[in-house]
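This briefing covers a predicted model. Please examine the sequence and the structure before reading the points that follow.

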Amino acid sequence: MRFPHDRVTVKVGPPASKAIAGWRCFASKHRRQTWVQILERLVFLVDDSMWKSGVFFVLKAKVTRQKSKLCVVLAMAMLIFAGCRGRTDVGSQPAAVPMMVVTDDLGRTVTIPVKITRVVSLAPSVTENIFAVGAGDRLVGDTTFCNYPEQAKQIAKIGDTMTPNIESIIALKPDVVFVSTASQIEAFMKPLEANGIAVYVTNPTSLDGVLKDLKQFGELLGTQDTADKLVTDLQRRIRAALPPAECDLMPHRRVFVQISKEPLFTIGKQSFLTELINRVDGQSVTSDVDSAYPRLSKETASALDPEIIILSESDDNKEPNDVFKNSRAVKTGRVYRISADILSRPGPRLVDALEQISRCVPPCAAF
Amino acid sequence: MLVIVLMASAMLGAERLPLFDLNEQQRSILFDIRLPRILLGACVGASLAVAGAGLQSLLRNPLAEPYLLGVSNGAALGTMLAFVFFQSLEITRPLLAFAGAGLATIAVYRMAKSRAGMNVERLVLSGVIVTTFLSSVIVMLTTLLDAAKLRSFTFWLLGDLSQATRNGVYLSAGAVIVGTVILMSQARALNLMMVGERDAFDFGVEVGRVRMLVFGASSLVVGAAVAASGSVGYVGLIVPHLVRLTVGSDNRLVVPFSAIAGAVFVVFADTIARTAIAPRELPVGAVTALIGAPLFIYLLRKN
Amino acid sequence: MLEIKDISVSYGEREVLSDVSLTLREGGIIALLGANGAGKTTLIRALNGTLPLSKGEIVLDGRQIAGISRREISRNIAVVAQENETRFPVTVLEFVLSGRFVHGNAFGWESIADVEFARNALNDCDLDEFESRLMNHLSGGERQRVVLARAIATNARILLLDEPTANLDLAHQALMFRLVRERCRSSNYSAIVITHDLNLASEFADDIIMLREGRIAAAGKAEEVLTVGNIRECFAVDVLLDTHPASGNVRVTSVF
């Protein structure tokens with residue numbers, strides 16, 4: 001088990017790395033190799049990001065080498081200050097916040113407070129999950145993509161899923177940051193954890209995965225009752241949307257889902273939408289293509305000749321690609337549009353997606 | 001050679017087509033999707049290669065390349081602006097691409113030229129500066145503007161021939177023919193320029209006029225190529241190089257052979273892009289770079 | 001055929017040539033002497049129309065050079081410049097053929113006559129063997145001869161030579177000057193030669209012009225110009241003068 005306040009070692013704040021940089025400037029000027037070595041060892045103990053800011057300072061310091069005397073004085077002052085700071089940090093660590101250890105969707109063990117009060121979401125689907133399980137009031141930061149439910153728009157924005165602003169996240173002092181695999185997790189995991197912020201990764205890959213995640217959110221955020229009720233309700237709606245079992249014996253409708261018109265993107269083997277299509281009475285024509293959202297050869301697309309085309313509706317994806325102009329779907333007018341927000345987010349509204357898809361793909365019925 | 005590659009390329013694709021007796025759907029694949037794409041690839045390859053050959057001779061620098069000199073990025077920014085502000089008017093894209101390419105060329109040239117004349121280091125440095133500056137403007141625009149609107153743009157930036165249409169092919173073909181003819185007409189003057197600008201002047205070359213024509217023609221072909229396919233790198237660098245190794249430095253041979261070899265190179269690379277992981281696709285720019293970079297290093301070491 | 005009247009040339013504020021006048025007659029060879037930075041190369045560039053004049057005029061066959069097209073100037077005046085290098089693999093024949101540019105049409109390939117001219121020029125410069133060698137594989141001296149061959153191949157009536165013998169061995173120095181002189185004597189070509197070799201100037205030139213800080217310090221026949229006083233003034237060295245035992249021309253010997 002690893003608690004944030006276990007990490008007592010050398011917690012040196014940014015002023016300290018500046019101090020080190022100051023020393024380096026002083027030391028290099030007077031060629032006192034030993035000092036440099038000692039300091040470098042110290043620097044190694046400091047966090048990666050701080051090391052970098054230190055390097056920056058060294059560069060700055062080199063420019064103003066003339067002021068090296070001032071530099072030395074400053075450096076001393078900073079080092080002393082940093083020393084004090086480090087000590088107070090350790091001392092002032094709150095003694096007993098009850099913590100628990102959980103496993104996230106990537107199998108990572110994450111240590112989070114038992115009572116979570118401040119949450120940041122880095123994905124629209126996560127935001128929807130949090131609101132759906134009734135913990136929306138504890139969401140203190142979300143992304144510019146988060147536009148549902150309406151209240152999500154009012155919450156402080158920390159950038160978008162791909163390029164979140166780490167500083168804003170840290171400034172919000174959340175207990176946990178919930179991210180999806182759409183984010184570049186490796187890029188910000190370290191600085192967040194260094195600041196005692198837990199990172200919990202969600203990665204639902206199927207409808208059941210979404211339901212499981214909702215339950216998990218309920219447990220983490222202490223709203224199990226709301227979550228359970230929601231999941232039961234969703235399960236009922238799913239059953240209602242699915243075709244009668246005897247339809248399995250009938251031929252399935254060949255469905256093409258167009259994610260983007262130019263260049264042509266569709267859904268592949270790993271997409272949860274493939275599962276949705278196949279669970280209603282359809283057959284995704286690109287279900288054997290590797291990856292979740294592959295870019296598809298137009299030649300292949302043209303040869304697929306789908307009976308139904310579903311457009312994930314967004315600004316640049318309102319019409320089927322020209323290669324489908326002779327397909328059965330276009331000729332018979334079976335082109336449907338479903339909001340990209342609903343189709344692309346593995347959150348509670350995925351059930352809405354299932355219902356809308358099932359309306360596009362009539363069960364058991366011949367065309 | 002070009003004909004063979006074109007034919008071979010036409011036979012290869014994500015969908016296997018029979019040689020004869022095509023049904024309606026197969027004909028549609030061949031004539032509406034595959035052939036326009038192959039022909040566009042050929043035009044783009046020829047464009048970038050002749051522009052590279054022309055600029056290299058003009059600037060007396062075998063490293064000059066539309067991509068390295070900021071010409072491609074100028075065209076990319078132009079296309080992007082057209083994309084953002086005149087989305088409905090397709091024709092504005094090549095026009096603004098041309099303007100962007102021209103402005104970038106002139107900017108680099110102005111920066112590289114000091115009173116003491118122009119040296120290679122300054123030229124490459126100016127090119128790099130203009131290229132990175134334009135790249136950052138492009139990145140900034142993609143960040144500031146609506147993400148959904150610009151998604152297709154991001155792929156286009158990597159070099160992408162999948163959006164080939166017949167009109168696009170006509171436009172590129174027109175540009176590359178005009179551009180190549182202009183460059184050919186200046187080929188002999190370029191032979192002199194290649195040795196030295198002052199020298200060329202002494203021997204009767206109207207340096208200013210040749211420079212304007214070559215810059216103009218390069219901007220024209222690069223603008224058309226970039227508007228149609230994004231940034232396909234290394235073609236302008238590697239192809240004229242290989243051609244010079246085979247036919248010598250005479251631009252009257254280098255320019256037309258570069259056009260042919262460039263077409264072959266890009267069609268070949270695009271065939272790989274189309275078929276390597278079919279039914280998915282790679283961006284052709286990635287393939288040309290993947291072939292081009294090691295080849296270039298090899299040539300560099302060999303000479 | 002080439003007349004220069006009171007020309008001045010400035011680089012920005014600095015005047016590098018002031019009030020220079022000279023006349024080049026058919027068949028004449030003028031040697032241009034002077035210390036480094038005296039304005040010799042500037043004068044040649046101005047004659048060729050490369051540099052704008054701030055004052056005066058250059059008249060070629062009775063016409064102002066400013067009003068003549070680039071091609072026509074180049075048909076009449078060929079330059080052998082100091083050292084030029086190329087990074088491209090150009091063969092010697094290709095290089096010499098580029099001198100025929102002014103005689104072809106814009107699109108054109110060289111005619112058989114052009115190739116003939118180039119081969120003759122190569123032959124004149126003792127370069128028959130080098131035809132298909134690459135320019136960037138030649139030695140400095142060889143390259144210099146190729147550059148001269150190109151100037152000869154243009155068939156221009158006026159040759160402007162900027163230190164044509166700087167990198168040449170003794171035999172080829174003599175060859176080059178003999179070649180220039182023969183052309184001038186037999187076919188009424190004429191030449192202006194920049195050189196640092198006062199003895200070569202004395203042997204081969206009809207007239208010698210000595211430049212000092214952008215002005216003509218002395219002009220005339222060798223025996224008039226190559227005096228102890230003039231040389232001291234222009235080069236700041238003392239010399240001994242006597243007569244060449246074979247040719248009877250002035251001979252200059254440095255005193256160290």
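How many residues of chain C are in contact with chain B, and with how many residues of chain B? The contact involves 26 residues of chain C and 22 residues of chain B, two residues being in contact if their C-beta atoms, placed from the backbone, lie within 7 Å. The model is predicted: local features need pLDDT of at least 70, side-chain atom pairs count only at pLDDT 80 or more, and totals for chains, interfaces and linings use all residues. Residues are numbered from 1 along each chain as its sequence is written, while chains are lettered from A and ligands numbered from 1 in the order in which they are written.

**Side of chain C that touches chain B**

- Helices α2 (70-76) and α3 (92-97) of chain C each supply at least two residues of this side; helices (H or I, at least four residues) and strands (E, at least two) are DSSP runs, numbered from the N terminus.
- The largest share, four residues, comes from α2(C).
- By class, this side of chain C has 11 nonpolar, 10 polar and five charged residues, where Ala, Val, Leu, Ile, Met, Phe, Trp, Tyr, Cys and Pro count as nonpolar, Asp, Glu, Lys and Arg as charged, and the others, Gly among them, as polar.

**Sheet and helices of chain A**

- Four strands of chain A form an open sheet in the order β4-β3-β5-β6, with parallel pairing; two strands pair if DSSP finds at least two bridges between them.
- Strands β4 (139-141) and β6 (198-202) of chain A stand at the edges with a single partner strand each, so one side of each has no neighbour in the sheet.
- Neighbouring strands of this sheet are turned by 35 degrees against each other on average, direction ignored.
- Two bridges join β3 (residues 119-121) of chain A to the parallel β4(A), and V119(A) stands opposite L139(A) in β4(A).
- Helix α5 (residues 124-132) of chain A lies across β3, β4, β5 (176-180) and β6 of chain A, at about 140 degrees to β3(A); axes are lines fitted to C-alpha atoms, for helices over the stretch in contact, and angles run from 0 to 180 degrees between N-to-C directions.
- Helix α7 (residues 185-194) of chain A also packs on the sheet, where it touches β5 and β6 of chain A and makes about 150 degrees with β6(A).

**Helix pair in chain B**

- The axes of α8 (residues 187-195) and α12 (residues 251-275) of chain B come within 8 Å and cross at roughly 110 degrees.
- A187(B), R188(B), L190(B) and N191(B) in α8(B) meet N251(B), R252(B) and V255(B) in α12(B).
- This contact of α8(B) with α12(B) has three nonpolar, two polar and two charged residues.
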